[in-house]
Amino acid sequence: MSSLADTFSNFVARQTGARSVRVIEFDKLSGGAIQDNFGLTLELEGGDRPGRQAFVVRQDAPSGVAESLSRPEEFRVLQAAFKAGVTAPEPLWLCEDREVSGRVFYVMTRASGSASPRKLVKGGLTEDQRRHLVRRLGAELARLHTVRPPMDSLAFLEMPEANNPALSRVALYRGYLEEIAEPHPVLEWALNWLADNAPEPGPIVLCHCDFRTGNYMVDGDELTAVLDWEFTSWSDPCEDLGWLCCRSWRFGADDREVGGVGDKEDLLASYREVSGVDVDPAVVSYWEVMALVRWALIALQQARRHMSGEQRSLELALTGRMVAQMEYDLLNQIPELEEGQ
Amino acid sequence: MINDPDTRDLLTEAREVLLDSLAPGLAGEQKYQALMIANAMGMAIREIEQRAEGEPEATDRVLSQFLAGHQLPDDPLQGEQTLARALRERSLDGDDPELRSVLRGLTEARLRINNPGFLK
């Protein structure tokens with residue numbers, strides 16, 4: 001660990017041109033099977049970032065997941081989001097030279113606060129604070145969605161087939177489901193419904209694709225950073241709005257539709273104020289159904305990792321047993337949407 | 001063969017010891033692990049109870065009846081596979097209330113084992 005701290009601190013010193021560097025704190029941060037995150041607080045003398053500085057170093061974990069972005073891709077996505085005014089960690093330096101630490105990594109600024117969903121949802125925020133935070137989430141997404149293709153720096157991101165993000169997702173998820181031997185009639189039924197009820201596609205924009213409670217940092221009632229950009233892709237803006245509102249991410253506060261924090265009306269109002277786009281709530285609800293299917297498939301894939309012996313884990317095994325919850329929500333939400341039509 | 005106390009009893013008692021005696025003294029990652037173990041044991045206990053009540057067979061029977069009524073093979077061991085394939089091939093009407101009721105029955109039966117608190 002300490003040699004890794006030296007490696008990273010020397011790297012930062014070189015990048016900033018500091019005369020000297022002292023490691024104040026170095027620890028491995030929790031979360032992330034795909035990558036390792038380290039907190040690195042340094043005292044820098046001279047250079048262009050003098051004084052005490054808190055960074056996060058993100059590098060590939062030994063077992064990478066093929067379907068998410070690589071570290072260099074993630075770095076470029078983060079640059080685009082940061083430039084668009086999204087409250088994300090500032091991406092500082094990418095190191096693709098494996099001679100330095102043995103793996104590809106990048107350094108970004110460290111935000112204050114916590115990303116813990118339980119802390120946020122069960123914490124003592126007032127109604128006004130909740131509304132403030134929900135409005136902030138809407139504004140962040142509105143800013144992110146100003147990033148549009150084509151962009152040379154993001155050429156590695158694929159465009160949705162036939163410019164229809166919903167039908168592209170349905171095809172992708174059907175493929176995932178076919179790879180799983182165990183039958184899941186509810187998911188088959190829901191995918192048929194999603195194919196038959198796909199809305200007119202909106203504009204294609206940069207979507208975070210994992211924008212939910214647990215993946216943004218909050219300090220008090222202020223959002224300090226949107227994290228976890230490894231699933232970013234070109235898609236429909238409502239994919240992000242629907243994922244954020246999906247019932248699976250309310251952490252027990254089911255009546256607060258936006259990530260267990262607040263109301264969808266406030267989210268969409270703030271999104272409209274910043275983007276000028278009036279989003280149809282029915283389309284967001286459609287993408288909430290998509291979100292349930294996606295999360296069910298991710299859970300099935302995680303359970304498969306346990307069952308195949310690739311990664312024996314009680315947590316992964318229990319995640320497999322959660323799929324019935326998403327299926328139950330699908331059986332309730334689809335008829336609700338049909339009644340509302 | 002009689003082998004008392006039975007498995008359900010053993011698991012129930014073990015889970016109580018875990019939750020009442022061990023878990024309160026744990027913190028952080030270890031507490032999380034203890035609660036995951038208790039969760040898994042709870043599922044195993046409920047699965048045994050559901051089996052004793054003949055629940056899985058009852059759910060399979062409803063599915064078999066539905067499949068037979070739709071001219072599909074009604075082998076109970078293959079029932080869900082048959083249903084999933086028929087849906088994928090679009091040979092069933094997704095709006096059919098009977099289909100939806102069968103899907104709900106299967107899902108609720110799983111939730112009664114995995115997480116009964118989730119049922120509304």
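## Domains of chain A

The domain assignment of chain A, a predicted model, gives domain 1 (2–109) and domain 2 (117–340), where domain bounds come from an automatic or database domain assignment. The C-alpha centres of these two domains of chain A lie 27 Å apart. Their contact takes 16 residues from domain 1 of chain A and 18 residues from domain 2 of chain A; two residues are in contact if their C-beta atoms, placed from the backbone, lie within 7 Å. On the side of domain 1 of chain A that touches domain 2 of chain A, ten residues are nonpolar, three polar and three charged. In these classes, Ala, Val, Leu, Ile, Met, Phe, Trp, Tyr, Cys and Pro count as nonpolar, Asp, Glu, Lys and Arg as charged, and the others, Gly among them, as polar.

Residues are numbered from 1 along each chain as its sequence is written, while chains are lettered from A and ligands numbered from 1 in the order in which they are written. This is a predicted model, in which local features need pLDDT of at least 70 and side-chain atom pairs count only at pLDDT 80 or more, whereas totals for chains, interfaces and linings use all residues.

## Local backbone features of chain A

Strand E7 (residues 216–219) and strand E8 (residues 222–226) of chain A pair in the antiparallel sense over four bridges. Strands (E, at least two residues) and helices (H or I, at least four) are DSSP runs, numbered from the N terminus, and two strands pair if DSSP finds at least two bridges between them. Tyr216(A) has Val226(A) of E8(A) as its bridge partner. The hairpin of E7(A) and E8(A) has two residues between the strands, and in it Gly220(A) takes a positive phi near 70°.

Asp228(A), in the loop between E8 and strand E9 (233–235) of chain A, has phi near 55°, a positive value in a residue other than glycine. Elsewhere in chain A, Pro149(A) and Pro150(A) are joined by a cis peptide bond with omega about 0°. Pro150(A) belongs to the loop between helix H5 (127–144) and helix H6 (165–179) of chain A.

## Domains and helices of chain B

For chain B, the assignment gives domain 1 (7–52) and domain 2 (55–118). The centres of the two domains of chain B, taken over C-alpha atoms, are separated by 30 Å. Five residues of domain 1 of chain B are in contact with five residues of domain 2 of chain B. The domain 1 side of this contact has one nonpolar, one polar and three charged residues.

The axes of helix H3 (residues 55–69) and helix H4 (residues 79–88) of chain B come within 10 Å and cross at roughly 45°. Axes are lines fitted to C-alpha atoms, for helices over the stretch in contact, and angles run from 0 to 180 degrees between N-to-C directions. H3(B) and H4(B) are therefore oblique to each other, since angles under 35 degrees count as roughly parallel, over 145 as roughly antiparallel, 65 to 115 as roughly perpendicular and the rest as oblique. Asp60(B), Leu63(B), Ser64(B) and Leu67(B) of H3(B) make the contact with Gly79(B), Thr82(B) and Leu83(B) of H4(B). By class, this contact has three nonpolar, three polar and one charged residues.

## Contact between the chains

Chain B places 22 residues in contact with 17 residues of chain A. Helix H2 (28–52), H4 and helix H5 (97–114) of chain B are the elements that give two or more residues to this side of chain B. H5(B) gives the most, with seven residues.
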